[in-house]
Amino acid sequence: MALRTLDSLGSLAGKRVIVRVDFNVPLKDGVITDDGRVRAALPTITALVGQGARVIAVSHLGRPDGAPDAKYSLAPVAERLAELLDAPVVFASDTVGASAQEVVAGLGDGQVAVLENLRFNAGETAKDDAVRGAFAAELAALGDVLVSDGFGVVHRKQASVYDLAELLPSAAGLLIEKEVDVLDRLTERPERPYAVVLGGSKVSDKLGVIEHLLPRVDKILVGGGMLFTFLAAQGHKVGKSLLEEDQLDTVRGYIATAAERGVELVLPVDAVMAAGFAADAAHVVAPADALEDTEFGASGMGLDIGPGTAKLFAAAIRDAKTVFWNGPMGVFEMAAFAAGTKDVAQALTEVDGLSVVGGGDSAAAVRQLGFDDEQFGHISTGGGASLEFLEGKKLPGLEILGWEA
Ligand code: ADP
Ligand code: MG
């Protein structure tokens, strides 16, 4: 069945519309450092305002412990939203309490409210269905319909993502509709060659993706922290680089499967080895089979792909018609180890076809390195969600909106 979209809800004029967005932005000392996710929510909010709906935006921010925690308040996000909409936004200092009820009761047609962080309530993420359901019921009492638009959380069975959609008439917002459309093209009908570039630091999380993608793609490029587990599986020494010893056999299996299926597994030919994990650490490029033969010996740490690898990856990416990239190639937060990520991002902008960047850090990296969102086919707001989608997993927050993987 297909995703229920906004138009399936009929006219929303005068209705109280709860919009589940993903306002989980990075904050530093109360200041938003990347407002990409607030911007991504604008099309739906603007469309609802345009229809004269009473818009009640709800979101999580960070991982507070099921209780109020000022550090994770959505107040700065409400302010930013008001600036971006160029319209007033009313902020409720709780999620389902007296403040929220008063704010919602006072909303006029076409006005916008933001309620305080959903995760200040233990019910939002509770494993117990009854506890989650009870919180969802409190939320449901505030609205007439639900528009679900927080793509970054659709892989979570949480009260506002899942249970609430059972209690109110519900549909996907424009962001989820767009994310699903693009990612579905990647899973169902990718133009070939189809290349997937993987990096980042959550190695064991991402190995599962490789297993699922092997039958579907033409090339897999491995960079970031996980490359060292691949090089070690080939018998190379990797010094103090990130290494998942217990995954070596699994990785050897992937290498064998890739060869059997004719999938091109592109592994690094060199890496940047550093004296330690620091922005000013001494560093040098070493060939993949001699990572410990530098001045740092066995205590060297691989913090980026090398220039030979970057060139190899860039060529493989430019050749492809469909590219999905998740996970920085190195520790891009430190300028000395950002070159590989920058070269890969540059190659994605040159793809003659569909290029997709997914993942919180990957999206932040391309913006930080000076690229524009428009240079890519799509920048997904969801890291975990987009990977689980590509893996073919059932995502509770989408299934409840009618989607079937
Ligand atoms: P995303 O959020 O895009 O899914 P991840 O969270 O998996 O990506 O990984 C991002 C992190 O991976 C970055 O903070 C980056 O510094 C780190 N990283 C990349 N390469 C390495 C490496 N070789 N060693 C250690 N950390 C790395
Ligand atoms: Mg991340």
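Predicted model: local features only at pLDDT ≥ 70, side-chain atom pairs only at ≥ 80, totals over all residues.
Local features need pLDDT of at least 70 and side-chain atom pairs pLDDT 80 or more, while totals for chains, interfaces and linings use all residues. Residues are numbered from 1 along each chain as its sequence is written, chains are lettered from A and ligands numbered from 1 in the order in which they are written, and side-chain values use heavy atoms, without hydrogens and water.

Q: In what order do the 3 strands of the open sheet lie?
A: Strands are DSSP runs of E with at least two residues, helices runs of H or I with at least four, both numbered from the N terminus, and two strands pair if DSSP finds at least two bridges between them. The edge strands, β13 (283-287) and β14 (301-305), each pair on one side only. The pairing is antiparallel and the order is β13-β12-β14.

Q: Which residue of β13 is the bridge partner of Ala271?
A: Strand β12 (residues 270-274) pairs with β13 in the antiparallel sense over 5 bridges. For Ala271, the bridge partner in β13 is Ala286.

Q: How far from an oxygen atom of ligand 1 is an N or O atom in the side chain of Asp361?
A: Asp361 is among the closest of the 21 residues that surround ligand 1, where a residue is near if one of its heavy atoms lies within 4 Å. A polar side-chain atom of Asn326 lies 3.1 Å from an oxygen atom of ligand 1. For the side chain of Asp361, the distance is 2.8 Å.

Q: Which element gives the largest share of the shell around ligand 1?
A: The elements that give two or more residues to this shell are β14 and α12 (360-368). The largest share, 3 residues, comes from α12.

Technical notes. Polar contact = N/O pair within 3.5 Å; in protein donor to acceptor, adjacent residues only side chain to side chain.
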